[in-house]
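Look at the sequence and the structure below.

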Amino acid sequence: NSEIYYWIAAGTTHNEVAELNRHIIERTPANVLDYTTNYWKAWVNKNPVNFDGLSSEVADLYKRSLLIINTQVDRGGAILAANDHDVTERATDHYSYLWTRDGAFVANALDDAGYSEMARGFYELCCKIIHERGYFLQKYNPDGTVASGWHASWDTHAKNPMLPIQEDETSLVLWALWQHYDKYRDIDFAHRCYRRLVVKAANFLTSYRDEKTGLPLPSWNLWEDRRGVHTFTCATVVAGLRAAAEFARVFDEQQNAEKFSSAADEIVAAMREHLYSKEHGRFLRALNANGDDSLTPDATVDASLFGIFYFGCFEIDDEVVLSTISAIENVLVNSGEIGGVARFENDGYMRVSTEIAGNAWIITTLWLAEYYIAAAKNDADLQKAVNILDWVTTRALPSGVLPEQVDPMTGDALSVSPLTWSHSSFVVTVHSYLRKRSSLLS
């Protein structure tokens, strides 16, 4: 048997290509491959993790997830949702864009795992691309320029401009940035971001509210399929404003700290008053915008309602949380052999069966694990979360790639693979589990 190597050298000039070619010939392909293999082994193991209580399969997928996330991060700081061309055959567009919501969740996972330099690149890009009015648009190209979008900029009813935004994309960046600072205490970096990003975005979040209810004004939801006042969005705004208040205290701007903190508290009170349904005994998904000034209560059970506890709006043992999570368990968990959690009731996106609420998503299933972790009173209580982490490992492709969705009838991967957000959610949930287990055993 013989082993043959071949390579492609690409550059903008003949000299660049020739130099790359000489480099491979001089070092030999075998040495280059060995060096690359050793580098990435060192990279993924640079921050030792004690996976006590978790299987070797979970530990392996954790490391593979970090490697896959790395492939989705542009050298300019953009964190891409996915690089999978298959979706263009179906949707005539791809996922190779930066959504700052996805980016914030992924950057938070990188921070959790100890890769602060990669997360910092994302935050630095956010400082550059934030709109002068203090919000982020729907999505961006890898170089930070504004990408294609489908949110209207004109209100046909009121005959005036309408912000084409998903407000959680702004608030989550503040939330993640504070988590970054709280872990690494890089004060000079935080100071560079404070005026350019934090204050600008927090002033927008504070002002973009209904004077009567105190709730945020309507925007598009995280699933990008409806406009209104969404419980998940409100929860992220609270988290973003509280993060901004913490930054203001660091820099001794007490007036800003009080303004941002008070706005967050007012939104929490307004959520309990206007978004909690006594009729249903749980939180509404949203107050949907009707194209005029009216809003219609939307009682659809949605997995994103996990945000009411995850972002610190309500205590984990508050009855409003217990009842809302109970609805998610009863309505969205696939009781069949495949398992998993649907996004929301009657989710029609790539739906394969009307017999269940919708396809299982990796991120929504891990959100339920986050609840079990937060609510755990002892090590035994954590087993539900461990079961979900094990479930996710069985849904990965042989390469370790996690899809966006899972066919609830066959278990096959659906939609883009890998979805960066799926991998980052897995990384974060592993760390949530390990922290909670450590605290329970100490």
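Asn70 is in contact with Trp40, Trp43 and Met118, when its neighbours within four places in sequence are left aside; contact means heavy atoms within 4.5 Å. Asn70 itself belongs to helix α3. Helices here are DSSP runs of H or I with at least four residues, strands are runs of E with at least two, and both are numbered from the N terminus. The relative accessibility of Asn70 is 17%, so this residue counts as buried. The cut-offs are under 20% relative accessible area for buried, over 50% for exposed, and in between for partly exposed, with a 1.4 Å probe and protein chains only.

The model is predicted: local features need pLDDT of at least 70 and side-chain atom pairs count only at pLDDT 80 or more, while totals for chains, interfaces and linings use all residues. Residues are numbered from 1 along each chain as its sequence is written, and side-chain values use heavy atoms, with hydrogens and water left out.

Helix α3 spans residues 56-71, and Gly76 lies in the loop between α3 and α4 (86-91). Is Gly76 buried or partly exposed? Its relative accessible area is 42%, so Gly76 is partly exposed. Apart from neighbours within four places in sequence, Gly76 is in contact with Gly121 and Leu125. Gly76 and Thr420 are 344 residues apart in sequence, and their C-alpha atoms are 17 Å apart in space.

Helix α5 (residues 100-113) and helix α6 (residues 116-129) have axes 8 Å apart and pack at an angle of about 150°. Axes are lines fitted to C-alpha atoms, for helices over the stretch in contact, and angles run from 0 to 180 degrees between N-to-C directions. The helices α5 and α6 are therefore roughly antiparallel to each other. Angles over 145 degrees count as roughly antiparallel, under 35 as roughly parallel, 65 to 115 as roughly perpendicular, and the rest as oblique. The crossing of α5 and α6 is left-handed; this is the word when the near helix is turned anticlockwise from the far one by less than a right angle, and right-handed is used if clockwise.

The residues in contact include Arg101, Phe105 and Asn108 of α5, and Thr420, Trp421 and His431 of α15. The contact of α5 with α15 holds seven nonpolar, four polar and four charged residues.

Arg101 is also among the contacts of Gln166. Gln166 is placed in the loop between β2 (160-161) and α7, and its relative accessibility of 0% makes Gln166 buried. Leaving aside neighbours within four places in sequence, other residues in contact with Gln166 include Gln138, His151, Trp220 and Glu224.

Helix α7 (residues 168-184) packs against helix α9 (residues 231-250) at an angle of about 45°, with the axes 7 Å apart. The two are therefore oblique to each other, and α7 passes α9 in a left-handed crossing. Among the residues making the contact are Trp175 and Trp178 of α7 and Phe232 and Phe247 of α9. The contact divides into 13 nonpolar, four polar and two charged residues.

The cysteines remain. A disulfide is a pair of cysteine sulfur atoms within 2.5 Å, and by this rule the count is zero disulfides. Cys234 counts as buried at 1% relative accessibility, and Cys313 counts as buried at 8%.

Terms used
Nonpolar A, V, L, I, M, F, W, Y, C, P; charged D, E, K, R; others polar.
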